Amino acid sequence: MDINDIRDRIRCKDLLGKVMTAEEAAAMIHPNDHIGISGFTPSGYPKAVPLALEERIKKEQFKIDLWTGASVGPEADQALVECDGMNRRFPYQTNSVLRKAINAGKVHYIDMHLSHVAQQVRAGFFGELDWCIIEVCAITEEGHLIPTTALGNSPVYVTEAKKVIIEVNTSQPLELEGMHDIYQPANPPHRKPIPIEAAGDRIGTPYIEVDHSKIAAIVPCDITDKTRAFAPIGDDAKKMSGNLIDFLQNEVKHGRLPENLLPLQSGVGNVANAVISGLVDSPYENLTVYTEVIQDGMFDLIDAGKLTMASGTSLSPSPDGLKRFYKGIKGYRDKIVLRPQEISNNPEVIRRLGVIAMNTALEMDIYGNINSTHVSGTKMMNGIGGSGDFARNGGLSIFFTNSIAKNGDISCVVPFCSHIDHTEHDVHVYISEMGVADVRGLSPKERARVIIENIAHPDYRPELMDYLERAEKACGYSQTPHILKEAFDFHQRLADNKSMKKQ
């Protein structure tokens, strides 16, 4: 792309002398540097400079540490792994190539609560930040940065980095300007209350301020976000959405929720998107959202006139959803605000608003513990992301899972989770395609029976109930009875059964 193509987007003419190619910018980076980049999900992340850095690493063979907001696109998370250039990575990822490298011990991965990252970066937990590479759609007359489709940790990386590289992406529409609300709290002991009392409250600026002396390069880019398509909404997802609506209607009926509910949060992915989309056919009006990612289902709610405000840190729609957003951006812009992730995921705000937190699990156990990160307890899938921020602090915490996986070879309800990310203390309600388990006010043994009867697949209920009853007898009816060796052997038996079926 010609560097002249971005000159009209650089409204601060004093910065035009910083414009250069991606290769020239990548040449400034040193081996073992710590690099923080914009992006949260495959949205709003830099593309040209990471790709140029990949080509340089192929020739010179060195590694860097990569800090992000959450997952980012293949130009960073995949390219820098395939050239063996990534040493350390945090706080969240979803790329299959990166995942394999993590589970093979080739990349050191730190799985983190997303709301914690900015404060820990400011405090220097991970050492100094050498570079920030940020994607913008424009630079203002004053030299401020207008982000694109995601904020994530961009503000803190711009502030804390020694040097900043700016990618001006011409594939991102200028109409994004004004959708962002940039607010950075101070670290303790100087922190003030965050003055958000409603999902749409604006408390900051629509741009990121940057010290001009730190700007090392401004690079043109026209590479689009590589957002992921959602799977078709299947019968199980529709049943889960229906179960959710039935549960919420009962909460409204008994006065535990207002008629327009409380602000909604929904995690990333197919199930989460399907559940939100299902609310289009619900009786609820004037809904609000306070979440991390804004996906296709939320566009459905806006288009249906049911959603008045969506606050998040990233636009993470499908490719078709992204086109839909761009086409209707003038109608969406007044109903969407993008914030830094330390604000979108902030426990103080989540608790104040009483957010209805809705997240997904890989597996859950009979007492209500949740595994959302590790397959068979050892292999990283994606990471905890923001689910912990919302589950522990939400006014109502709900987790979704299918009752079975791998065509029925695996039960998603087990005696004891092989890895625990969210304890039973953090979850109020469990939903599968089988039903709803509302465990509020129940003891562990009471919870176990409700979860087995309402969430587990009928094929596995007898075995799970048999385990519970024998554990109660073996432990003298203790508070949380377990036959630990047998509980962990349960996972191996499922794996063995699956292997035998294949043979």
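1. Helices (H or I, at least four residues) and strands (E, at least two) are DSSP runs, numbered from the N terminus. This is a predicted model, in which local features need pLDDT of at least 70 and side-chain atom pairs count only at pLDDT 80 or more, while totals for chains, interfaces and linings use all residues. Residues are numbered from 1 along each chain as its sequence is written, and side-chain values use heavy atoms, with hydrogens and water left out.

2. Let's begin with helix α8. Its 19 residues (235-253) should span 27 Å at 1.5 Å a residue, and the end C-alpha atoms are 27 Å apart, which agrees; the expected span is 1.5 Å times one less than the number of residues. Just after α8, Gly255 takes a positive phi of about 80°.

3. An α-helix has 3.6 residues a turn, so residues three or four places apart point the same way.

4. An unreviewed UniProt entry gives "binding site" for Gly267, Val268, Gly269, Asn270, Val271, Asn382, Gly386 and Lys406. These residues span 140 residues in sequence and their farthest two C-alpha atoms are 26.0 Å apart, so they do not all gather at one spot.

5. Two of the annotated residues deserve a look. Gly269 is in the loop between β9 (264-266) and α9 (270-278), and Gly269 touches Phe230 and Gln295 (heavy atoms within 4.5 Å, not counting residues up to four places away in sequence). Asn382 sits in the loop between β19 (379-380) and α15 (387-393). Asn382 is buried, at 19% relative accessible area, and its contacts beyond four places in sequence include Tyr92, Arg99 and Tyr109.

6. The unreviewed UniProt entry also lists "domain: Acetyl-CoA hydrolase/transferase C-terminal" at residues 321-467. That span is 32% helix and 24% strand, with its end C-alpha atoms 45 Å apart.

7. Finally, an open sheet of 3 strands has the order β17-β16-β23 with mixed pairing, where two strands pair if DSSP finds at least two bridges between them. β17 (370-371) and β23 (413-414) are at the edges with a single partner strand each, so one side of each has no neighbour in the sheet. Strand β16 (residues 363-365) runs antiparallel to β17, joined by 2 bridges, and Glu363 stands opposite Asn371 in β17.

Key: UniProt positions renumbered as here; feature names shortened; annotations may be inferred. Buried < 20%, exposed > 50% of the residue type's maximum accessible area, 1.4 Å probe, protein only.
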